[in-house]
Amino acid sequence: SYYEVYDDINAIPQYLKAIAIRDACYEYPHFHQAHTRYNLANSMHWIGRPDTATYLLREALDIYDGLPRKDTTNWLRSLKLLSVIARESNDVNLLRSTTIAMVNLLEIFTQPSLLDQLQVYHDASINFQELKDFPASVDCGEKGLVAARKRGDLVLAADILNTIAGSYELS
C-alpha cells in the first residue's frame with residue numbers, strides 16, 4: 001500500500017476517496033472518519049501543506065472529541081501531529097494549546113502504550129522548551145525518560161536527556 005512505502009503523493013487521492021466513502025457510509029461522528037482525516041493530514045504535512053494538514057487535524061480532533069466511545073490513542077496522535085505543525089510554523093498559541101491538551105489527554109488515558117508515553121512526553125518537553133516553560137519541559141522530559149527506559153529505547157532516552165539538559169541550560 002502507499003502508506004507502507006511513504007508514497008504520500010499517491011496516497012492522497014486514496015485518502016480523499018476513503019473520506020468520501022466513510023462520510024457517506026458512517027453516521028457522524030465515527031472513528032473511521034477521524035482516522036482517515038489524520039492519515040491524509042499526515043501525508044499533507046509530509047508534502048509541505050501544513051495549512052491543509054491543520055484543517056484536517058482540527059476536523060479529526062472534533063470527531064474524536066464527539067465520539068461516544070473515545071479513541072484516545074488516535075486522538076492523542078492527532079494532537080501530537082498538530083503540535084509538530086504548530087512548532088514548525090512558529091504558531092506559539094497553537095503550540096501551547098495542543099501541547100497542554102496532549103499531555104492532559106495522555107495523563108487521563110488509562111493505559112497508554114510506552115511508545116505513546118515516550119513520544120508525547122518527548123515532544124511536549126521540546127514544545128515547552130520552545131515556549132520557554134522550562135519547568136514543564138523538564139517535567140515532561142523526565143516522564144518521557146521513564147517510558148524510554150522501560151521500553152529499552154536508549155537512543156530516545158539520550159535524546160530526551162539532551163532536551164532536559166537544554167532546558168536547564170536555557171533557564
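**Burial and architecture of a predicted model**

Visitor: What percentage of the 171 residues in the chain is buried?
Guide: The model is a predicted one. A residue counts as buried when its relative accessible area is under 20%. Of the 171 residues in the chain, the buried share is 47%.

Visitor: How many helices and how many strands are there in the chain?
Guide: Read from the N terminus, the elements run α-α-α-α-α-α-α-α. The count for the chain is therefore eight helices and zero strands.

Visitor: What radius of gyration does the chain have, beside that of a compact globule?
Guide: The C-alpha trace spans about 50 × 35 × 30 Å along its principal axes. For 171 residues, a compact globule would have a radius of gyration near 16 Å. The value for the chain agrees with this, at 17 Å.

Visitor: Which share of the contacts with a separation of 6 or more comes from residues 24 or more positions apart?
Guide: A contact requires heavy atoms within 4.5 Å. Among contacts in the chain with a separation of 6 or more, residues 24 or more positions apart account for 57%.

Visitor: Is alanine 34 buried or exposed?
Guide: Alanine 34 lies in helix α2, residues 31-46. Leaving aside residues up to four places away in sequence, alanine 34 touches Ala60, Ile63 and Tyr64. Because its relative accessibility is 0%, alanine 34 counts as buried.

Visitor: Which residues does serine 78 touch, not counting those up to four places away in sequence?
Guide: Serine 78 has its place in helix α4, residues 72-88. At 0% relative accessibility, serine 78 counts as buried. With residues up to four places away in sequence set aside, serine 78 touches Tyr38, Leu57, Ala60, Leu61 and Tyr64.

Visitor: What distance does helix α7 reach from its first C-alpha to its last?
Guide: Helix α7 comprises 18 residues, 134-151. At 1.5 Å a residue, 26 Å is expected. The helix comes close to that, reaching 25 Å.

Visitor: Which helices are included in what covers the buried residues of α7?
Guide: The buried residues of α7 include Phe134, Val138, Cys140 and Leu145. Gly141 and Gly144 are also among them. Their cover includes α5 (92-108), α6 (114-130) and α8 (154-170).

Visitor: How many Å apart are the mean positions of the positive and negative charges?
Guide: The chain exposes about 9,400 Å², of which carbon and sulfur atoms supply 53%. There are 16 positive and 22 negative charges in the chain. The separation of their mean positions is 3 Å.

Methods:
Residues numbered from 1 in each chain as written. Predicted model: local features only at pLDDT ≥ 70, side-chain atom pairs only at ≥ 80, totals over all residues. Heavy atoms only, no water. Helix = DSSP H or I, 4+ residues; strand = E, 2+ residues; numbered from the N terminus. Rg over C-alpha atoms; globule rule 2.2 N^0.38 Å. Buried < 20%, exposed > 50% of the residue type's maximum accessible area, 1.4 Å probe, protein only. Areas by Shrake-Rupley, 256 points an atom, 1.4 Å probe, with all protein chains shown as cover. Lys, Arg positive; Asp, Glu negative; His and termini not counted. Charge placed at Lys NZ, Arg CZ, Asp CG, Glu CD. Expected span 1.5 Å × (residues − 1).
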